[in-house]
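Subject: Structure handover

Hello,

Please find the structure below. My notes on its side-chain contacts follow it.

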Amino acid sequence: MRKVNQYKWAVWPALLAGAMLAAGCSTTGSKASDNAQGVSFPNPSHSSVPEGLFVNLENLRKVSPGMTKKQLYALIGHPRFDEGVIGVRKWNYIFNFRKSDGSGDYFSCQYQIIFNKQDLAEQFYWKPEACKAVLEMHHAAPKPAPVVMPAQPIRLSSDAMFGFDSAKLTDQGHQQLDGLLQQVRSASAVENIDVVGYTDRIGSDSYNMKLSKKRAEAVRDYLVQGGVPADAIQVEGRGKADPVVQCPKQARAKLIACLAPNRRVELSGIAKPAH
């Protein structure tokens, strides 16, 4: 791992200027250092760990005025400049922070806590002053992986989504599609979504072909209203093709019930190739 010269403090204001602009100049629990008014830092070479130590940023952000030395010790450890506890008015640290460019390098900052007569933390200083911006720097949360359509087609019961011999979505059909939207809302993660409608064998071929396509179009329109890009969806009606079940000739009511699995709408997606 490459190590940046942590004691050439003059370069850090320039390196951290961007972070300061993004984070602002104030930090909760920290007072800006003002070396021109007599704030002094010890020589880093006098530290027992002159190379510095990595500190838990979340713990460092919790440091605030009024804390006791015991509380500070629990959060950020003890100082590394042969400083004691009783009667000591200053604690000094050298902290290391990872650079956000992914290079693996890090930079170092000196940090000083001033205590009042009651041994409570009162003032906080950084060297260089720009280092205080690290407390306000937050890594962007990783974006959740898009939900990808399952490899096998999602099969929806046409009878539950539409009235018999109808292409109008029922209330139950709306509920089914609402549950499905979470799976297909990230349609940008797939090359396309195919919505295919089917009917049973009852009725003429031409009528069933039209009805199956109208049902597929009704599903498409509902998905688009729910936020799925229209250009990612293709619709097709296949009429009575590809039956799921075969039913013998019987009374009409029983035949309609037997053929229910064939009346369906199927959705499937093709993933985009990885770049």
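A salt bridge here is a side-chain nitrogen of Lys or Arg within 4 Å of a carboxyl oxygen of Asp or Glu. This is a predicted model, in which local features need pLDDT of at least 70, side-chain atom pairs count only at pLDDT 80 or more, and totals for chains, interfaces and linings use all residues. Residues are numbered from 1 along each chain as its sequence is written, and side-chain values use heavy atoms, with hydrogens and water left out.

Salt bridges

Side chains of opposite charge can pair when their charged atoms come close. The count comes to eleven salt bridges. One of them joins Arg263 to Asp159, at 2.7 Å from N to O. Arg263 lies in the loop between helix 8 (252–258) and strand 8 (264–271), and Asp159 lies in helix 5 (residues 158–161), so the pair ties together parts that are 104 residues apart in sequence. Helices (H or I, at least four residues) and strands (E, at least two) are DSSP runs, numbered from the N terminus.

Arg263 also forms a salt bridge with Asp200, where the closest N and O atoms are 2.5 Å apart. That pair links parts of the chain 63 residues apart, with Asp200 in the loop between strand 6 (190–197) and helix 7 (205–225). Buried means under 20% relative accessible area, exposed over 50%, and partly exposed in between (1.4 Å probe, protein chains only). Asp200 and Arg263 are both buried, while Asp159 is partly exposed, at 32%.

Arg264 and Glu266 meet in a salt bridge of 2.9 Å, N to O. Salt bridges that share partners join these two and Arg155 into one network. The charged end of Arg264 also sits over the ring of Tyr198, 3.7 Å from its centre (the rule is NZ of Lys or CZ of Arg within 6 Å of the ring centre and within 35 degrees of the ring normal).

Aromatic pairs

Rings of Phe, Tyr and Trp (its six-membered ring) pair if their centres lie within 6.5 Å; planes under 30 degrees apart count as stacked, over 60 as edge-to-face and the rest as tilted. The whole structure holds ten aromatic pairs. Tyr93 and Phe95 are stacked, 5.1 Å centre to centre with 25 degrees between the planes. Phe95 and Tyr111 form a tilted pair, at 5.7 Å and 35 degrees. Phe95 is in strand 2 (residues 90–98) and Tyr111 in strand 3 (residues 106–115), so this pair ties together parts 16 residues apart in sequence. Tyr93, Phe95 and Tyr111 belong to one aromatic cluster, which also includes Phe97, Phe107, Phe124 and Trp126.

Regards
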